[in-house]
Amino acid sequence: MNSPSPEVELAEPQMLGFLEFLGIDVEYVRAEGNTLFFRDGSGQEIPVLDYAGGYGALILGHNHPEIVAAAREFLDSGRPVLAQASRQTAASEVAAALNRILRREFADSEPYYAVFSNSGAESVEVALKHAEFDRVLKVRALEAEVAVHIAEAREAVAAKRATVAAGALRSVTLEADARGTDTPGTDARSLDVFEDLVAVVLRRNAEQAARPPVFLTLEGGFHGKLAGSVQLTHNAAFRLPFAGMAAQARFLPFDQPQAVAKLTEEERATVLDVVVEDGEVRLVERPFPVFAAFVLEVVQGEGGIHLVSPEMARAVRRASDSVGCPVVVDEIQSGMGRTGAFFASSLIGLRADYYTLAKGLGGGIAKAAVTLVRESRYRKDFELVHSSTFAKDTFSNTLALKTLELLEAGDGEAYRLAGKWGERLLSLFESLRAEFPDVVKDVRGRGLMLGLEFHDQSGSAATGIRDAAAAGIFGYALSGYLFRVHRVRTFPTASAVDTLRFEPSVLLTDAEVDRLEAALRELCAVLREQNEQALFGV
Ligand code: PMP
């Protein structure tokens with residue numbers, strides 16, 4: 001076997017090639033606050049203003065001194081990082097702290113249990129698995145009830161206290177016709193006829209139980225890229241190659257509340273049950289839990305920074321309540337204070353049954369994630385069927401606890417800062433749109449989760465710009481320009497690549513906003529002039 005030469009890039013070489021093409025393939029050697037540093041050819045440190053913010057994971061910036069100190073203190077203390085199956089106080093304290101925040105923001109005292117994991121997608125997988133576990137247990141309970149009813153009815157028929165009702169008999173005959181099997185006897189008092197009826201009920205119910213679960217979610221949503229979570233990520237390029245791997249989702253239009261109830265009505269399913277009434281065995285239909293969960297972001301991040309309306313949130317809550325499935329709010333990007341409240345869903349009055357959190361939870365240093373499940377929905381046995389080696393580790397939770405403490409300090413100063421800087425950036429973007437309506441298409445977001453959408457350039461007269469737009473990398477070309485010319489770092493959102501995202505930390509400064517303003521104003525001028533030499537640096 002040839003051993004690869006050290007020059008061959010083996011760690012996702014395609015991606016590195018793309019970064020080289022954009023001119024952003026520098027290696028950062030240091031970071032603090034909203035700044036990353038790389039060294040130029042002469043060894044000098046060059047600062048880069050970071051508005052990508054670790055894709056929203058750096059709510060308190062890079063290497064926050066108090067989080068770094070907590071990490072050092074932890075490592076110096078000699079406490080174990082991995083001591084699975086032991087008491088883990090840090091995890092318990094994180095769960096308690098999150099519950100205090102939930103109580104405050106939703107004015108509700110029902111506790112939420114915490115299942116820890118290592119990444120955003122994993123916390124979504126936990127939510128999907130828990131919801132499906134809950135649904136399967138409900139299906140089993142329903143089957144057990146039907147079995148009891150069948151036994152009771154059998155006894156009644158055997159003791160000649162009941163006969164099979166005419167309607168039920170018709171179902172048996174219809175089924176026999178459909179299957180081309182012998183039509184059973186028609187003596188409603190006979191046990192054989194009753195057993196034929198039971199066979200119909202069990203077959204129908206088994207077919208229903210074998211159906212895969214239905215997860216409801218919104219068009220434009222992003223919930224991760226693991227085998228389960230990617231099924232709920234709307235972007236076809238991310239999802240479709242893996243569509244055969246797991247239960248699939250039904251996507252609802254993002255802004256059509258009336259479509260929610262319509263879909264849940266259409267998809268409703270039932271199983272058959274028997275009842276003995278007035279000396280007759282009758283068939284009845286009972287609702288079957290076909291829906292596992294409704295999963296949504298209240299501020300779609302990777303979809304291009306779109307806010308779900310309160311009307312849509314109410315429609316989701318109502319439809320989910322009517323079919324009995326949990327509402328899972330994915331706060332992986334919008335949570336941790338970024339939108340001006342800890343939970344963005346609290347700002348539109350949507351109280352979820354499950355929440356997922358990740359990104360900022362580890363304070364920008366650790367990898368931490370958690371799925372919170374409301375007590376009335378929590379299946380304690382889930383703890384016996386789900387686990388992960390690194391989940392709930394003491395190091396991550398120590399840093400998560402410190403991060404929550406910093407966010408909650410000063411009576412929520414961090415959330416106020418997110419709101420204040422968000423408004424400042426939003427008004428800057430609005431002024432750019434007013435000045436460059438031919439370049440800036442839209443401005444969206446809340447707090448420090450903002451998107452600046454550029455007009456599609458696929459009709460541009462400048463060949464390079466047109467080609468970049470046709471290849472779906474126009475937004476990345478803008479990132480390349482901002483980095484090369486202005487030393488400002490940001491990226492398009494993953495599923496809407498003409499929208500640049502701005503997710504800096506709450507520790508933003510006036511000078512950092514001014515630098516962004518100068519950079520974006522020049523970018524807009526370059527685009528107005530269709531100056532591709534300037535845009536691509538050629
Ligand atoms: N959900 C949302 C809303 C996200 O924004 C992301 C990441 N962009 C994820 C899930 C997946 O998180 P991770 O990349 O940590 O798996």
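At 4% relative accessibility, phenylalanine 483 counts as buried, where buried means under 20% relative accessible area, exposed over 50% and partly exposed in between, with a 1.4 Å probe and protein chains only. Before we go on, a word on the model: it is predicted, so local features need pLDDT of at least 70 and side-chain atom pairs count only at pLDDT 80 or more, while totals for chains, interfaces and linings use all residues. Residues are numbered from 1 along each chain as its sequence is written, and side-chain values use heavy atoms, with hydrogens and water left out.

Now for the rings. There are 17 aromatic pairs in the structure; rings of Phe, Tyr and Trp (its six-membered ring) pair if their centres lie within 6.5 Å, and planes under 30 degrees apart count as stacked, over 60 as edge-to-face and the rest as tilted. One of them joins phenylalanine 38 to phenylalanine 483, a tilted pair with 5.8 Å centre to centre and 40° between the planes. Phenylalanine 38 sits in strand 2 (residues 35-39) and phenylalanine 483 in helix 14 (residues 474-486), so this pair ties together parts that are 445 residues apart in sequence. Helices (H or I, at least four residues) and strands (E, at least two) are DSSP runs, numbered from the N terminus. Phenylalanine 38 is buried too, with a relative accessible area of 6%.

Phenylalanine 342 and phenylalanine 343 make an edge-to-face pair, 4.9 Å centre to centre with 65° between the planes. Phenylalanine 342 is buried at 0% relative accessible area, and phenylalanine 343 is buried at 0% as well. Both belong to a cluster in which ring pairs link Phe106, Tyr112, Phe342, Phe343, Tyr355 and Tyr415.

Back at phenylalanine 483, arginine 487 lies over the ring's face, 4.8 Å from its centre. For a charge to sit over a ring, NZ of Lys or CZ of Arg must be within 6 Å of the ring centre and within 35 degrees of the ring normal. Arginine 30 lies over the face of phenylalanine 37 in turn, at 4.0 Å from the ring centre.

Last stop: glutamate 512, found in helix 15 (residues 510-528). What joins the side chains of glutamate 512 and asparagine 34? A polar contact of 3.1 Å does, that is, a pair of N or O atoms within 3.5 Å; within protein, one must be able to donate a hydrogen and the other to accept it, and residues adjacent in sequence count only if both atoms are side-chain atoms.
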